[in-house]
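Please open the model in a viewer and keep the selection panel at hand.

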Amino acid sequence: MSEAELPGAVGRNGTDPNEVVSAEEAVLRRIEAFRRKTPRMRDDFINSAHGAGGKASAALVDGVFLQAFANDALVPLTDGATLTLASGERLAFSTDSSVVNPLRFPGGSIGHLAVHGTVNDVAMMGAVPSWVSAAFILEDGFPVAELRAIVADMAEAAANAGVTIVTGDTKVVSKGAADGLYIATAGVGVIPADIHLDARSVRPGDRVLVSGTIGDHGVAVMLARGELGIEADIESDTAPLGGLVQDLLRAAPNTRWLRDPTRGGVATVCNELARDAELAVILDEADLPIRAAVNGACEILGIDPLYVANEGKLVAVVAPEEADAALAALRAHPLGSDAALIGEIRDDPPGMVVINTGFGGNRVVDMLAGDPLPRIC
Amino acid sequence: MKFVDEYRDPAAARRAVEEITAISAGEHRKFMEVCGGHTHTIYKHGIENVLPANIELVHGPGCPVCVIPMGRVDDAIALAEEPGVIFTSFGDMMRVPGSNGNLLEAKSRGADVRMVYSPLDALRIAMANPERQVVFFAIGFETTAPSTAVTLIKARAAGVTNFSVFSNHVTIVPPLKAILESPDLRLDGFIGPGHVSTVIGNRPYRFVPAQYGKPLVTSGFEPLDILQGIVMLLRQLRDGRCEVENQYTRAVRDEGNVRALEVLAEVFELRPHFEWRGLGFISHSGLKLSPAFADWDAELRYSVPGIRVADPKACQCGEVLKGVIKPWECKVFGTACTPETPIGTCMVSSEGACAAYYNYGRFTREAAAQARIPVRSA
C-alpha cells in the first residue's frame, strides 16, 4: 500500500497524517483517496452507462482512449483541444456526434443539436467558433425529404451561430443500423489573445453562474419519445452560445471557467470543476432556475434536474468583483434572461460539490453512476 | 412546485427541529425508518445534518431492490436469456449484481432487456409483439404488488398469452418482526412506511407496540413529514404512550385500500418462505401467483435455476438492512463496493442506505454545517 492509500494520510490541505480522527472521518478520507484514483475500465463489454457522461464514461475515456492517444492537447480533457500555431495564435478544436432519438422534438431537431453541440464546445473555450465539418451516417431507406429538412435545420443553426459548414462526409449503412441517421460534427475557432479559461485559475470566493433554466432539453426529449405517458409544454433549449460568451467575457474579463452542461447536466460539470480546481463547489438549491413543468416531470420520473442535459446553457465561474456585471450581461442577452447566481467556490470540502437544499439541509452532489436516462443528444 | 413546496418549507423545518431538540432534551434516541423512500428523502434533503446529534436514524429493510437475493437475480438473467423473450424490468433492478453479472450486462451480451416504468408498459409491449414472449420482473412490497395484480387481471381479460410475471413481491410485516426479534438492535421506535400503508393500512402494525413495546408513526415522504413523524414519536416517549399513530393522514387510512387488498388476495398467495438479501429465509414473506393465474407465472412457464447463492463474504448488506451497522461501517463501503461497482444491493438502488449515504451524505456534520453558510449574493 502506498502512503497515499493509508487512511489517515490523505489529509485535506496537508492534514497531519498522525491526526486522530473519528471512525467516520477515517472512512470518508479513505473513500476520497479511492475516488481520486483514475477510474479503471473493468467492463468487458460497452453498456449504456459508458455513454452517460458519468463515472463509467470517465473510465472508458481514461482506460481506453487516453491510454492509446495521450498527448498534451488531449490530456486536459476539456470540451475541446487548444492548439497553438507557430504564429502564437491559439485555435480551439472540438468534435461532437448526435444520435438523438427521436430526430425531431419540441424546440429543435438532430440538425440543430449537431451544429450547436460543436459550436458551444468551441465557445466554452473562449473561442469565436468559425468553421464546422459535418459527417452523415445514413440508413438505407431514409427519406430524402426528411434529410433535406434536417440539413435545412443545420444551415439555419450555422447561420445563427455565425459559422460555415466547410467540409463533410457521407456514409450509408444497412437499415436498422443507425436509428435513421447519425451526424458527427467538428468545429474550429480562434481564441482571442487575452482569454485564458482554465479550472486551475478558479479561486475560493469565486461565484458560479448559470445562464438560464436547467433541464429543459433532456426533459423535452424524454417526453417527446412518448414512452412515459406524460405531456407537458416543455421545449428543448438548443441554441448557439457564442454571442452570449462574448458578451459575458466583455463584461467580466476575469471569467475563470466556462462549460456547457450538456450530457450529465449541471451536476456533472460542477463535479469536473471541483475535481480539476481541487476546490469545493457550494450550490444553493433555492437559487437554481428550473421551470415548474421540468421540476414536476423530474419529480414524477425520480430524476434530479441537476443531472438532466441542456443544449443552450452555460455554467460560468467568475471573479467575485465581476459577478454583478457578469449576471447583468447574461440577463441582457436573449439567451440569458433567466440567468442566476447559483453558487460559490470554497476551500472545503475539496473536490466535492455540495448543495444546500431548499428545505435547509444539505447533501453531496456526486458524479452520476450508471445511466438513468434515455439517449438524449 | 405546487403541493410539494409546502412540505419543504425551511421555516417550518426549523420549527420542527426546535421542537425535536426541546422534547428529546439531549437524550439519545434511535429510530428506524422502515422504508427506503424515507432513507432517500433523509439523504436527498440532508435531514440527518439538521437534526440534533442525539437523534439517530437507522435505515431499515424497506427498499424493494435491496432485499432481492443474488439467486433471484440469476433466475431473472436466465429468463432474460431464454430465446425469444423480451425481459422487462424497473430501471433500478438492471444494475443489481447476481453471481454472474447483472441484467445490463446480459443486455450487452444480446438479451432483449427493456426498462419499464410500470407493469402495464410490459403488458403493452406484449400486446404489440404477439410473436414474442414478454416477462415482467415484478419486485416490491404491497406498494407495487397491486399494480402487478391489476396488470395480470387485464392480461387474463384480454387473453394475452405471451405475457408472464416473475414475482418477487414481498410483504412488510414479516421482516419488521425479524428485526424486532434481532437481539443486537436497540431501537426507540419506528417511522412506519408510508406507501405500503396506503395499501395495507395501519392495523397490521399494532403488534409493534403491543408485543414489542415500540411506538410506530406512519409517515409521508416529504422532509417535513419525516420531521413531524419524529416529533410524534418523541411525544409518545415523553408522555409514556406506546401506540401506532398516523402522520400521513392525507394518504393512509387505518383500514388501508380495501379494493387493492382484494385484488392482491385474488392474484397472489403467500409462499411458505422467501429468501431476503442479508436476512435469510423468512416464512410467509413472499408472494407468488395464485393457481388461478398459474398460466401467467414465469416460474412455471420456464425452468429457472432457482439456486440459492450465498452473498459475497465481504458484503454486510444484512447488517445494514437490519440497522445493526451504519453503511460506512461496512468493510467494503466506498472502496470495493461503490455505486459504479456495487457488491451489495444496498449500494445499487437510490433507496438503498449505502447508495443514499454514498451519493448524498458522504461528509461529516461539521463539513455540512460549514457548507450551509449561505452563498454570498452577487
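At what angle do α3(A) and α4(A) pack, and how far apart are their axes? The angle is about 35° and the axes are 7 Å apart. Before going further, note that this is a predicted model, in which local features need pLDDT of at least 70 and side-chain atom pairs count only at pLDDT 80 or more, while totals for chains, interfaces and linings use all residues. Residues are numbered from 1 along each chain as its sequence is written, and chains are lettered from A and ligands numbered from 1 in the order in which they are written.

**Stop 1: α3 and α4 of chain A**

Select 110-123 for α3 and 144-161 for α4 in chain A. Helices (H or I, at least four residues) and strands (E, at least two) are DSSP runs, numbered from the N terminus. Axes are lines fitted to C-alpha atoms, for helices over the stretch in contact, and angles run from 0 to 180 degrees between N-to-C directions. The crossing of α3(A) and α4(A) is right-handed; a crossing is called right-handed if the near helix is turned clockwise from the far one by less than a right angle, and left-handed if anticlockwise. On α3(A), the contact is made by A:I110, A:G111, A:H112, A:A114, A:V115, A:H116 and A:V119. Facing them on α4(A) are A:I150, A:V151, A:D153, A:M154, A:A157, A:A158 and A:A161. Two residues are in contact if their C-beta atoms, placed from the backbone, lie within 7 Å. By class, this contact has 10 nonpolar, three polar and one charged residues. Ala, Val, Leu, Ile, Met, Phe, Trp, Tyr, Cys and Pro count as nonpolar, Asp, Glu, Lys and Arg as charged, and the others, Gly among them, as polar.

**Stop 2: the domains of chain A**

Colour chain A by domain: domain 1 (3-36), domain 2 (71-191) and domain 3 (199-365). These bounds come from an automatic or database domain assignment. The centres of domain 2 and domain 3 of chain A, taken over C-alpha atoms, are separated by 23 Å. Their contact takes 23 residues from domain 2 and 22 residues from domain 3. On the domain 2 side, α3, β5 (128-139) and α4 of chain A each give two or more residues. The largest share, eight residues, comes from α3(A). That side of domain 2 divides into 12 nonpolar, nine polar and two charged residues.

**Stop 3: α5 and α8 of chain A**

Next select α5(A), residues 216-224, together with α8(A). Their axes come within 10 Å and cross at roughly 60°. That makes α5(A) oblique to α8(A); angles under 35 degrees count as roughly parallel, over 145 as roughly antiparallel, 65 to 115 as roughly perpendicular and the rest as oblique. The crossing is left-handed. Display A:D216, A:V219 and A:L223 of α5(A) against A:V294, A:A297 and A:C298 of α8(A), which make the contact. Five of these residues are nonpolar, none polar and one charged.

**Stop 4: backbone features in loops**

Zoom to A:N101 and A:P102, which are joined by a cis peptide bond with omega about 5°. A:P102 is in the loop between β2 (90-98) and β3 (104-105) of chain A. A further cis bond runs from A:D348 to A:P349, with omega near -10°, and A:P349 is in the loop between β12 and β13 of chain A.

Then select A:D179, a non-glycine residue with a positive phi of about 45°. A:D179 lies in the loop between β6 (164-173) and β7 (181-191) of chain A. Is A:D179 buried or partly exposed? With 15 other C-beta atoms within 10 Å, A:D179 is partly exposed; 20 or more such atoms, placed from the backbone, would count as buried, 12 or fewer as exposed, and numbers in between as partly exposed.

**Stop 5: chain B and the interface**

In chain B, α5 (residues 119-128) and α6 (residues 145-157) pack at about 25°, with their axes 8 Å apart. That makes α5(B) roughly parallel to α6(B).

Finally, show both chains: 43 residues of chain A are in contact with 43 residues of chain B. On the chain A side, α1(A) gives the most, with seven residues. This side has 19 nonpolar, 11 polar and 13 charged residues.
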